[in-house]
Amino acid sequence: MTTDSPQPFDWRLAVVDPTPRAPAGFRSLVTPTSRGSTTLFERAADLRDDWDAEKAPYTYGLHGTPTVLELGARIAQLEQGRHCFITPGGQAAIALIYLAFCGAGDHALLPDTAYGPNQGLAGGLLKRLGIEVQTYDPLIGAGIAALLRPNTRLVWCESPGSATMEIQDVPAIAAAAHRAGAVVALDNTYAAGVLFDAFAHGADVTMQALTKYIGGHSDLLLGSVTCRDEAHYRALGEARNFLGMAASPDDCSLALRGLQTLGVRLAQLERGTLEVAQWLARRPEVRTVLHPALPSCPGHEIWRRDFTGSASVFSIVLRDGPSRAQIEAFVDRLALFKIGYSWGGVTSLAAPYFNLRRTLRPYGDRLVRLNVGLEPPAALIADLEQAFAALA
Ligand SMILES: *Cc1c(COP(=O)(O)O)cnc(C)c1O
């Protein structure tokens with residue numbers, strides 16, 4: 001290779017104007033997608049790297065470009081929090097909360113029905129780091145006081161619980177936790193920050209998998225952590241910086257688009273899901289329907305007291321009789337319901353849970369979780385009806 005070989009192209013093509021602006025006369029309805037690892041400073045003396053975007057925005061892409069910060073600001077507004085950090089996914093948001101508030105020798109409480117990977121993190125990495133996470137009955141309410149210790153730093157709530165859908169008495173749990181000086185964190189993914197007013201019910205910190213309802217189209221992974229208190233903001237911001245939890249501006253731009261239709265999607269999903277759930281409750285194959293708006297769901301009265309609506313994910317518990325292979329055949333036979341993880345998009349999904357670790361209210365291998373999408377409820381009902389033949 002010679003150094004004097006002619007450039008095969010105009011090198012100026014590789015150089016962009018560092019301050020691109022929309023040309024005069026162009027206006028659109030879309031938040032621009034601002035990408036960037038390097039962000040530029042005017043003078044060497046201005047150089048600084050600060051995670052706190054409120055103090056010094058745009059010092060390095062890791063802390064958020066305008067698109068990322070815009071999404072955070074809108075989630076904070078949606079949840080009526082003061083600050084919101086965007087994380088690469090919902091599980092990253094969970095990890096961030098633990099690592100912001102807990103250290104070696106600390107104790108945390110987690111409902112026995114929490115999102116599986118949260119329990120996995122607790123029993124794996126956190127245990128190795130000397131953080132003890134104890135599980136509790138999600139329906140414990142004010143009784144949680146008996147589990148609080150002088151070193152309890154963090155009390156998690158997740159309401160409804162993953163797959164088994166128990167609704168928690170968050171105000172009672174939060175009141176006891178606050179008396180003991182613990183931080184109350186809520187996984188508010190089900191409510192999308194809309195159906196349950198977390199801060200009004202005593203949460204200090206909320207997280208969501210934006211992957212679910214905010215994204216809304218099964219095409220991105222993002223999480224959020226929202227808080228009100230300045231000390232919590234600092235603890236979370238410093239931990240997020242140490243961990244280098246950057247979020248993609250492209251994914252954030254999709255989530256901003258998702259936010260625009262969140263209201264209509266949630267309203268339609270609620271209606272369609274209720275129609276399917278109520279039909280299932282009348283089927284002979286089904287022992288019980290675990291849907292927060294139905295009286296058969298543990299904690300239903302609290303849902304009526306505290307929530308403003310229900311969402312698209314729920315579970316059915318099948319009657320004894322059919323084998324696991326028959327339950328799998330039932331799920332395989334569904335045509336509109338696809339098989340896969342995650343939920344909150346436009347497509348209906350089904351997943352059997354044979355090995356749920358639930359010591360308090362076990363459902364054995366009878367539980368099938370459903371997510372209702374935007375297909376017509378009558379078509380979904382017909383789909384379930386033909387698939388039930390596999391259980392006979
Ligand atoms: C999906 C989910 C998460 C994790 O979100 P990811 O973006 O998939 O990492 C956390 N909590 C709950 C309740 C979830 O359903």
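Which polar side-chain atom lies 2.6 Å from an oxygen atom of the ligand? Select K212: the polar side-chain atom in question belongs to this residue. The protein covers 89% of the 380 Å² of accessible area that the ligand has on its own (Shrake-Rupley method, 1.4 Å probe).

The model is predicted, so local features need pLDDT of at least 70 and side-chain atom pairs pLDDT 80 or more, while totals for chains, interfaces and linings use all residues. Residues are numbered from 1 along each chain as its sequence is written, and side-chain values use heavy atoms, without hydrogens and water.

Next, display the surroundings of the ligand. The shell holds 13 residues, each with a heavy atom within 4 Å of the ligand; G90, Q91, D187, T211 and K212 are the closest. Helix α2 (residues 90-101) gives the largest share of this shell, three residues. Helices here are DSSP runs of H or I with at least four residues, and strands are runs of E with at least two, numbered from the N terminus.

Select Q91 and then D187. A polar backbone atom of Q91 is 2.8 Å from a ligand oxygen, and an N or O atom in the side chain of D187 is 2.7 Å from a ligand nitrogen.

Note on methods. A polar contact is a pair of N or O atoms within 3.5 Å; within protein, one must be able to donate a hydrogen and the other to accept it, and residues adjacent in sequence count only if both atoms are side-chain atoms.
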